[in-house]
Protein chains: 2
Amino acid sequence: MRTDGLSINLATVRQQWNLREAVEACARHGITAVDPWRDQVAALGLDESVRVIEDHGMRVTGYCRGGMFPAADAAGRQAAIDDNKRAIDEAAALGAECLVLVVGGLPAGSRDLPGARRMVEDGMAAILPHARAAGMPLAIEPLHPMYAADRACFNTLAQSLDLADRLGEGVGVAIDVYHVWWDPELAHGIARAGAAGQILAHHICDWRVPTRDLLLDRGMMGDGVIDLKAFRRLIEATGFTGPQEVEIFSAEDWWKRDGDEVLRTCIERYNAACRLS
Amino acid sequence: MRTDGLSINLATVRQQWNLREAVEACARHGITAVDPWRDQVAALGLDESVRVIEDHGMRVTGYCRGGMFPAADAAGRQAAIDDNKRAIDEAAALGAECLVLVVGGLPAGSRDLPGARRMVEDGMAAILPHARAAGMPLAIEPLHPMYAADRACFNTLAQSLDLADRLGEGVGVAIDVYHVWWDPELAHGIARAGAAGQILAHHICDWRVPTRDLLLDRGMMGDGVIDLKAFRRLIEATGFTGPQEVEIFSAEDWWKRDGDEVLRTCIERYNAACRLS
């Protein structure tokens, strides 16, 4: 079973292992790329995390996550900017290929969605010089519209690519099938992103029917209704050949299983349901 | 407290009352418009439902619902077409101003979203002559993308208006704040629909944070994050002055309360959070 072209977002096994254990487990299964989360890095320490990843020769396909720019006051927005600069530095230390941004939703008490979107754009503009100096691409991750209020007020590829275009060099998108599979403009958005060199990551999982929880019920590839190979064909048609990164939040299923079983299943399903060649 | 410009979708009180009781309660509260569901009409009988609505002089701002066109085989799709023709006849008997269509998602076992969309278009084309003959406008209701798999594969205003344009006369949209509030192209979509005379209904409720269930946790107006007055301003700017219709599915809150309390609250919140003039 092949593992080339496969990356594991370490949120997928966050309940089973710390970062060191997760990287060791990935290496044991022949997986050569990971995407760690900030809390996982903080728990082990940045230096030690860098060492573990280097010791295992892991490619780091992204670092999760920056963002969360909107805030009710200027101090809150500045705190977010400062924190995002630290995230950029950590991503650079880890050798990550991009910093994934979950940009944030409405500030507490607000109903002003256009205002929140302006805060995101202002925040990204403020950190962009730091990101460029660090050579760290910023990947806007459009999130499913069901997260517009509380996680990300950028919810379609087109909207996110418009923002990337306005911000310019060093900004692209992370395309997660879970968030955008429903979009009637999906094919157009992927083609546009690819033509502009703005695809920075391709995340995979599946959409379960029924979906029992808005946040923590993502499915393993093949267990839902997303046509993952058709999606990947759209991605590869643009010339993007980067890894498919498995990111599954699953409180009642995959997070409760044995970690090795999860990784074995990721590999099996990657081969059966996702990999084109 | 004013009730002009307010309609009650009878799903809002479906756990408290049957159609007769619900219409009587609306009348008692000075409400002059309702939107009944097919199962409510079936439970009382069509003739008796017509009589109750006429006896109370109720305007019928819509009839819920037709749609659900995709099916795994031709017999299933034909059954849906036949059922939609019956729904058109019922809507006409009730004097409804439109038949609301929840168009349907993926057929069982399918991952072919473009194919499902074609089935919707074919199904609507098949019932349209019957709808036109009955003088019954068909209102495509774009549903929130979280329902793309199992309820409606039309999920944005733009996508739904493109379909309405292709089908032509007698087709428009039902615009429910819950489903489209997040859309970055919302203002453009509403303006386009209004300019073409395609706004057939305006449904209201609110988006709770957190939302605890994908289907049955809609909020009362004012309890969530949707800027309902700003939304209504976009609607009225097009010249549409039809009622704002309250449609709340709320298994754990509003469906468990006293029906008169629900209607009183609808009226209060309509005045406080929704009505412009």
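**The sheet and the chain contact**

Let's begin with one pair of residues: A:Val34 sits opposite A:Val60, which belongs to strand 3 of chain A. Keep in mind that this is a predicted model.

Now zoom out. How many strands form the open sheet in chain A? Nine, with parallel pairing, and the order goes 3-2-1-9-8-7-6-5-4. So strand 3 (59-60) and strand 4 (63-67) of chain A are the edges: each has a single partner strand, which leaves one side of each without a neighbour in the sheet.

What lies across those strands? Helix 4 of chain A, residues 74-94, lies across strand 3, strand 4 and also strand 5 (99-102) of chain A. Relative to strand 4 of chain A, helix 4 runs at about 160°.

Chain A superposes on chain B by a rotation of 180°, with 0.0 Å of shift along the axis and an RMSD of 0.0 Å. That's the relation of a two-fold axis.

And the contact itself? Chain A puts in 22 residues, and chain B puts in 22 residues. On the side of chain A that touches chain B, you get 13 nonpolar residues, five polar and four charged. Of the interface residues of chain A, 100% are interface residues in chain B too, so the copies meet through the same surface.

Okay, that's me done, over to you.

Key:
Residues are numbered from 1 along each chain as its sequence is written. Chains are lettered from A and ligands numbered from 1 in the order in which they are written. This is a predicted model: local features need pLDDT of at least 70, side-chain atom pairs count only at pLDDT 80 or more; totals for chains, interfaces and linings use all residues. Two strands pair if DSSP finds at least two bridges between them. Helices (H or I, at least four residues) and strands (E, at least two) are DSSP runs, numbered from the N terminus. Two residues are in contact if their C-beta atoms, placed from the backbone, lie within 7 Å. Axes are lines fitted to C-alpha atoms, for helices over the stretch in contact, and angles run from 0 to 180 degrees between N-to-C directions. Copies are superposed by least squares on the C-alpha atoms of residues with pLDDT of at least 70 in both. Ala, Val, Leu, Ile, Met, Phe, Trp, Tyr, Cys and Pro count as nonpolar, Asp, Glu, Lys and Arg as charged, and the others, Gly among them, as polar.
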